[in-house]
Amino acid sequence: MEKFVKNILQKSLIALTALLMAVPTFAQNYNLNPDSVYHDSHSNYWSVYNTYNQTALYGFNGNLFLITLQTQFTGKSPTVFTIDNTGHLAAYNMKPNNKNYFLYGYEDETDYYSGTQGQSIPFEYDGQFWHYHNYMKWSTAFSKTDDSYDCFARFPGSATEPYHAYYDAVKGKPTVIKKGAFQHDSTLYFLGVYAQSSDPNYGKWCVQKYEYDKVNQKFIWKKNVLVSGIPGNMLGGIVAHTDTSGATRLVINTYSPNNTGTYLGYLNATTPAGGETTFSYEVPGGAPGTLLNCKASALIGGTAKGGRTIDNMIGLQSSGRMVLFGYGNSNTSVINYAEYEFAHNSYYLACSGSVVLPSSMKPASWDNTYPLIGATELIPYKFNNVVGNEANGFIQNNWVYYPDGNGKICGLRFTSDTWKPIPDSTIISDDLALDAVSDSTYGPAVRSLWSLVGITDGGPPSSINWPVWNTYYVPETRPTELNLDLEGEFTSTVTTTSEDQYTEGGDIATSSHKGFSLSMKFAQSYKNVVSGSHSTVNSLSLPFELNEESQKLGVYIYVVPTITRYTYKRFPWWDPGFRYPVPGSKQYRFQTSSTAVIYRSREISEYPFGISEPNAANLNDWKLTNRTDMNKDVTHSNIQPICSPSWQNPHAGQTGTFTTVADTSSEYSNKTSYSAEASFKGKKPKCFESKVSVGHEVSYETSTANESKLSKKVEVSLKNMSEKTWGINFNSYIVHAYWFKPEEYDWWFYDSTGTDRPWYIGYSVSNLTKSINLLAPAAGKQPKNAGMLFSWNATGFEPVEYTLFICKSANITPSQTVFKVNAGVNSDHYLASPEFCEEGKTYYWSVRAVDRDGEITWSESRPFAYGSAPQKSAGENDLNAIPYPNPGTGKGVKVLVDTKETGSVKLTITAINCIVIYQTMRDHPQPGVLTIELPELSLQPGIYLLETRINQEKDTRKLVINP
């Protein structure tokens, strides 16, 4: 009994303590001193029109943006500035014109300006930053119409993207004048006031529902819904507040500019199951009065330090606050404030007073208007409880802006809250790569986090009598082997979750996000400003060897993340010790802290491999003509094997090695995600296990965007093959290894990879007797501004088509090809002027041949440096004579002559001892190219000079004859 009474007393004491902590404090009176001020000294003037404030301030992704109408051309356009943490304005230039203003494309936009209607409204939708205003049509100035344009502009997501802008023509006077905007679930709503005097709701507030048309990238109006009870006719600010039940509501601040009052109240949203969302306005019982007789007001979430210290504060435990600033009161040259604390699902006055202003920054009427606007910026900051080496949170600053009597822009900064990680709250899930093939550990939800980065046919193909092979070779000796020595850099974007809310790359996942989106500002800003990506590097060296078991298997290579979860909360400026977190502010940051590379085997007979008999004696399935999909892509994309090692009995096989260069690295980005409903019964990774305050389990989604940069060595080895009698089922062959990279082409195997875009290493085999031999030009320097002759021949088969390629790298791929020509059955091609080549750069040329059976054979890639050899002197530029093959055997020499001259061509071949070996004369009846064959010529090995003359032109070339 005594123990029972003791427990009751303890519980009562705890409950009483909690109740006392939740009781609002008595209000203080304190005059705030701004923590810094800004007074613009440039020609950036506040914009107002017809009592409507056309200057807007907004904090997006932690940065402050000021938007004001300024004259562009002879009209006026919304002009955008960013504001640093000292208040300084800088032009925010945007593509495509690299100017800091929007153009919408309507009639007379840059020629005339006739005024605006309603407020300048910045807003966010699905994590993107937009701006709205309404322009009156120019015809209103002389025809007394009320036509106008609703103008929308979306800020660019990055410096490489252009802004997006459009307009909707409005016929007649607008039904509603818009004052502000917010997002609820996946819908955009505007808050506005009915504007037509004939309307029975004239002067009353409503919400306008807009749905987003993703195809046309514009908002479509759906309907207007009256919201009863909202006082005033101007909007001063919107603050999102999460109450103790976990629900987020909007506190809206309205006022009347004619000095009749300033108001606060909750905007509540109700969505019945399967029904339409409705809104209502509520002033909580016991809520205090607001600032009186203000001509304008601005409401900002968070605290305001304003020169105070912790010794000046009472009610320290009341950390969730908002501040209302009022302009005017009985004295229009002052700004007053009221700071409110949230408690009992309501708000209470905690502190009030005036703002101490410099004498040069007194507010005053500007164009008969008294504007006041406020917004929040977030400054990245590294707190003592370190999470990595980067800034790990934010300091919030609240800014209030207004014009002085000259229209100059004034700003007041107040240090506010901090957003920082909770000590000892980090959870790491490092076992995501251990999921079994059967998905038995975590299930498909976690397997969806794996990113497929590579596919390979496995070990290079060969036909082996395995019992015989194993008799002659020591155990574990493999006939062939593929070695990947790759360095993969995997970049993972940060994903944030706030209880049951979720952002993915700045986009609201509407399937799981419910409520007002404004509560995600901290987490989304951190993702975009501080830690948009996090890189991990894996050195991957995986050998894929041919043995009796692996011969039937292809391989899928995956990157699997290790996910770390950090927990964050918001704290008031006076709380460095993590004692008073803002209720409902808990958010999470998920980061891929490392990655593991694993692989899974697939039957080689399955798609995309398609090899039914991998060990057939003729290796018929491995021939390119029988790999139909692969052959199609090889042919259409003009891709060349990365290497072609060969084996011929009775010698050791070759090893083919290929190293990519920087500009041929493979990159692709793929988003993966994990999600589990609250009813999910399987095992969850540690980082996704959590409960919110009301006790129900939370469903999470996370996303990692993996970007692979693979730019190292690939090696295909046949070195262990030597004697046919030791188990090899044929006499000789060539293995062609193709590397299909993500950036090159829409490859056939993507049909089986979903959203993943991996690379693929595939093989084909061909007869060893087939080859293409490059004759001219030899590797080395080629003179600038001179024609080039490319010559080759085929051995072991009769081609029906040759194609010549010139590329920037040794690997012939679409992205590297600068010149391609179909030569038909001709075994040479002359380029009179290779204008696509840059002086001093090295290029590679190669020839592809196709035979009657459709088999493809490639030559080697031979380099040449263009423009690095001496140019011809004056008087020699109109004759270009090229002997080939050069080097050659001394028989079958040809000379290509390119000249504008006509007449007799004299050829003279001289030995290095100046003895003339050979002379001949040939007619050149018309300008252009002439090929002179010298079948009667037979030269001994050595070095000779070929001199070609026509009229007054001369060309001298070195001719090399090999033994």
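The largest nonpolar core of this predicted model contains 69 residues, and Tyr733 and Phe740 have the most contacts inside it. A nonpolar core is here a set of buried Ala, Val, Leu, Ile, Met, Phe, Trp, Tyr and Cys residues joined through side-chain atoms within 4.5 Å; buried denotes under 20% relative accessible area, exposed over 50%, and partly exposed the range in between (1.4 Å probe, protein chains only). Strand β35 (residues 553-571) supplies the largest share of this core, seven residues; helices (H or I, at least four residues) and strands (E, at least two) are DSSP runs numbered from the N terminus. When residues up to four places away in sequence are not counted, tyrosine 733 touches Pro461, Ser462, Thr480, Leu619, Ser646, Trp647, Leu718, Met721, Val765, Ser766 and Leu768, contact being defined by heavy atoms within 4.5 Å. A second, separate core of 22 residues includes Ile335, Met361, Leu372 and Leu412.

The model is predicted, with pLDDT of at least 70 required for local features and 80 or more for side-chain atom pairs, whereas totals for chains, interfaces and linings use all residues. Residues are numbered from 1 along each chain as its sequence is written, and side-chain values use heavy atoms, with hydrogens and water left out.

Aromatic pairs were assigned to rings of Phe, Tyr and Trp (its six-membered ring) with centres within 6.5 Å; planes under 30 degrees apart count as stacked, over 60 as edge-to-face and the rest as tilted. In one of them, tyrosine 106 and tyrosine 135 are tilted, with 5.7 Å centre to centre and 55 degrees between the planes. Because tyrosine 106 lies in the loop between β8 (89-91) and β9 (116-125) and tyrosine 135 in strand β10 (residues 128-136), the pair ties together parts that are 29 residues apart in sequence. Both partners are buried, tyrosine 106 at a relative accessible area of 9% and tyrosine 135 at 2%.

A tilted pair is also formed by phenylalanine 749 and tyrosine 760, at 4.9 Å centre to centre and 45 degrees between the planes. Phenylalanine 749 occupies the loop between β42 (732-740) and β43 (759-766), and tyrosine 760 belongs to β43, so this pair joins parts 11 residues apart in sequence. Phenylalanine 749 is buried at 0% relative accessible area, and tyrosine 760 is likewise buried at 0%.
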